[in-house]
Amino acid sequence: MTGSGVTSTVAATPEADTDPRTLLDRALAREPTTRRPLWINRQAGRYLPEYRKLREQHSFKELAGSADLAAEVTLQPIRRFPLDAAIIFADIMSPLPALGIDFDFAPGPVVAEPIRSAADVAALPDADVAEPAPEVIEAIGLVRRELPEDTALLGFCGAPWTLAAYLVEGRGIKDFPLLRAFAAAEPQALERLLARLSRLMADYLIRQGQAGADAVQIFDSWAGLLPRAAWQRLVRPHLESMLVTVGDAGIKRILFVNNAPHLVEAYAELPAEALAVDWRIDLRALQDRHGHRRAVQGNLDPAILTAGPEPTRTAANTLLNQVHARGHIVNLGHGLLPNTPVESVAALVETVRREEH
Ligand code: CP3
């Protein structure tokens, strides 16, 4: 392609300079911006020396469980790099104690008593009594007060299916066979579990918005485990109802679909302001098909950043040249890897910000 279409979409408008909204807000609305916003999945965490230092004194559960520490970790990457959004430091498991779920991290989530039967699902508390992750809601308030005004704050949650994956399987293992067996043997129980998670996550995301999050990202990290027909029948209705409830509350939604090439078109039909995809997906082709009504987010391969600043710059420039600026939020196609040099993150930030004019 020629670069001409790309440049014409980033033309600055006089209004853009006085617009109090963040770049992320405007990109979510698919309005022209002076440059594309950038934030990075897992931008806080183990690749940062200042995070590793805190981890010498506190377990991950302690860091995520304390509003003060979580706020501090959320702000660490923002102090180091001029990113356009902070994402609250928590885990997709954080709201699950509200359902009486006990878990640990080793290093991924390990559930003490996995949900393996209709009776296990029926035993989950049904009344919406418990407040999901009050420490996360408090941390959002703390970060909001510290964050520069032009930096957006993102909340997040796991999609019902991805949470169910950990709850049924008990931990993250390849292809989640117990989960797929449960979906075949107990489809009604699975649906009841998904419905319960969908309600809890909608409530949780709305609370995050009310506490000061500008938008929320829904991580469907294990989206791709079922074939399309089973996904449509069992999973989609519960994901959709969560998205509708959150959207009706006025909260902007970034829907991340990971490792599910056979479902990307179906995800593009779901109600969300932006669709985020992993690095396997051709982002420009996705934008050509859906960019008139969805912002797109992504999608550099996180492994490229582990190769150093030069490959990072090259890959970032290729992405910027291929994808139209309007309605594009730059990010990786999945989380930063722990062995990423901070210099690669700096190179990515610099490359994206150079586009400004
Ligand atoms: O970007 C940020 O700063 C937000 C932090 C964040 C964490 N988990 C912190 C974390 C986010 C957005 C998550 C989401 C999450 N957690 C997902 C969805 C995104 C994805 O990666 O697909 C999933 C599947 C989980 C479950 C989970 N938690 C796993 C698989 C692991 C271990 C492996 C890993 O990537 O570290 C965790 C633990 C976890 N969550 C850590 C962090 C920083 C590592 C804790 C540590 O040892 O310091």
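These legends describe close-up views of a predicted model. Local features need pLDDT of at least 70, side-chain atom pairs count only at pLDDT 80 or more, and totals for chains, interfaces and linings use all residues. Residues are numbered from 1 along each chain as its sequence is written, and side-chain values use heavy atoms, without hydrogens or water.

**View 1. The largest pocket and its lining.**
The largest pocket has a volume of about 1300 Å³. A pocket is an open set of points on a 1 Å grid over the protein atoms alone, where a 1.4 Å probe fits, with protein on both sides within 12 Å along at least five of seven lines. Its volume is the space filled by probe spheres set on the points, which are joined across faces, edges and corners. The lining has 44 residues; lining residues have an atom within 4 Å of a point. Arg 42, Arg 46, Asp 91, Pro 107 and Gly 108 lie nearest the centre. Helix H4 (49–57) and strand S2 (103–105) are among the elements that each supply at least two lining residues. Helices (H or I, at least four residues) and strands (E, at least two) are DSSP runs, numbered from the N terminus. By class, the lining has 25 nonpolar, 10 polar and nine charged residues. Ala, Val, Leu, Ile, Met, Phe, Trp, Tyr, Cys and Pro count as nonpolar, Asp, Glu, Lys and Arg as charged, and the others, Gly among them, as polar.

**View 2. A cis peptide bond at Pro 107.**
Ala 106 and Pro 107 are joined by a cis peptide bond, with omega about -15 degrees. Pro 107 sits in the loop between S2 and S3. Most peptide bonds are trans.

**View 3. A cis peptide bond at Asn 299.**
Gly 298 and Asn 299 are also joined in cis; here omega is about -10 degrees. Asn 299 belongs to strand S8 (residues 295–300).

**View 4. The salt bridge of Glu 355 with Arg 36.**
The two side chains meet at 2.7 Å, N to O. A salt bridge is a side-chain nitrogen of Lys or Arg within 4 Å of a carboxyl oxygen of Asp or Glu. The partners are 319 residues apart: Glu 355 follows helix H17 (342–353), and Arg 36 is in the loop between helix H3 (23–28) and H4. The structure holds 17 salt bridges.

**View 5. Arg 30 and its positive phi.**
Phi of Arg 30 is near 60 degrees. Arg 30 lies in the loop between H3 and H4.
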